[in-house]
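Subject: Structure handover

Hello,

Here is the structure to look at, with the sequence alongside. My notes on what was found in it follow below.

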Amino acid sequence: MSARFLKKYLSDEDLKTIAATIADVERTTNGQIRVSIRQRRHWRERKLTLHELAVQEFHRLGMQNTKHRTGVMILLLMSERKFHIVADRGIHEKVKDGTWESVAGEMAHHFKAGNFCEGICSGIREAGKILAAYFPKDGESELSNDVVVS
């Protein structure tokens, strides 16, 4: 992604804030949270639904390989002004339907106001509360907290 395009929405400081929020949340849970920001789809992905694209990115990042299958990824597709939250199998077995839609609704509220960093951090904190309730911390973080930008 071009730095100029990303800077329109998030600064370098914002990316650091997002990574720090992930690290803070993961101190309370075995859940693993990642944020992936993409400028646009690749031409070969144009027929995928947003969910299919998010699942593909989830696997590309190796999130399905966490010990307890407790990965959550937030994918932002900037050119389409869309985002999607994907959770792994271990989470779906315990978390009720509609949970991630509720988190997405809170994030969308911030995005509509132009508060992209706060929207992402809000989603991370809400996901962290949900994960901590079902998957309390008992080990080390398995994945990087850095925001993936492509």
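S36 stands opposite V148, a residue of β4. This is a predicted model, in which local features need pLDDT of at least 70 and side-chain atom pairs count only at pLDDT 80 or more, while totals for chains, interfaces and linings use all residues. Residues are numbered from 1 along each chain as its sequence is written, and side-chain values use heavy atoms, with hydrogens and water left out.

Strands here are DSSP runs of E with at least two residues, helices are DSSP runs of H or I with at least four residues, and both are numbered from the N terminus. Two strands count as paired if DSSP finds at least two bridges between them. On that basis β1 and β4 run parallel and are joined by two bridges. β1 (residues 32–38) also pairs in the parallel sense with β2 (residues 71–77), over seven bridges. In that pairing V35 stands opposite I74 of β2.

**The sheet and its helices**

The sheet is open and has four strands, in the order β3-β2-β1-β4, with mixed pairing. Its edge strands are β3 (82–87) and β4 (148–149), each of which pairs on one side only. Two helices that pack on the sheet are described next. Helix α3 (residues 50–60) touches β1, β2, β3 and β4, where contact means heavy atoms within 4.5 Å. The direction of α3 makes about 125° with that of β2; axes are lines fitted to C-alpha atoms, for helices over the stretch in contact, and angles run from 0 to 180 degrees between N-to-C directions. Helix α5 (residues 99–112) packs on the sheet as well, touching β2 and β3, and its direction makes about 150° with that of β3.

Buried means under 20% relative accessible area, exposed means over 50%, and partly exposed is in between (1.4 Å probe, protein chains only). Seven of the seven residues of β1 are buried, so β1 is largely enclosed by the rest of the structure. Both of its faces are covered: Q32, R34, S36 and R38 are buried on one side, and I33, V35 and I37 on the other. From β1 the chain crosses through α3 to β2, and this β-α-β crossover is right-handed. Right-handed here means that, with the strands pointing away from the viewer, the path from the first strand over the helix to the second runs clockwise.

Which residues of α3 are buried? They are L50, L53, A54, E57 and F58. Seen down the axis of α3, these buried residues fall within an arc of 140°, so they line one face of the helix. The arc is that of the directions from the helix axis to the C-beta atoms. As background, an α-helix has 3.6 residues a turn, so residues three or four places apart point the same way. The cover over the buried residues of α3 includes β1, β2, β3 and β4.

**Backbone points**

Just after α3, G62 takes a positive phi of about 75°. R69, in the loop between α3 and β2, is not a glycine but also has a positive phi, near 55°. R69 counts as partly exposed, at 24% relative accessibility. In the loop between β2 and β3 lies R81, another residue that is not a glycine, with a positive phi of about 55°. R81 is exposed, with a relative accessible area of 70%. E80 is found in the loop between β2 and β3 too, and is partly exposed at 27% relative accessibility.

In β4, V149 is partly exposed at 34% relative accessibility. V149 and Q39 are 110 residues apart along the chain, and their C-alpha atoms are separated by 8.2 Å.

**Cysteines**

How many disulfides are there? The count is zero, taking a disulfide as a pair of cysteine sulfur atoms within 2.5 Å. C117 is in no disulfide, and its nearest cysteine sulfur, that of C121, is 4.1 Å away. C121 is in no disulfide either. Both sites are buried: C117 has 14% relative accessibility, and C121 has a relative accessible area of 2%.

Regards
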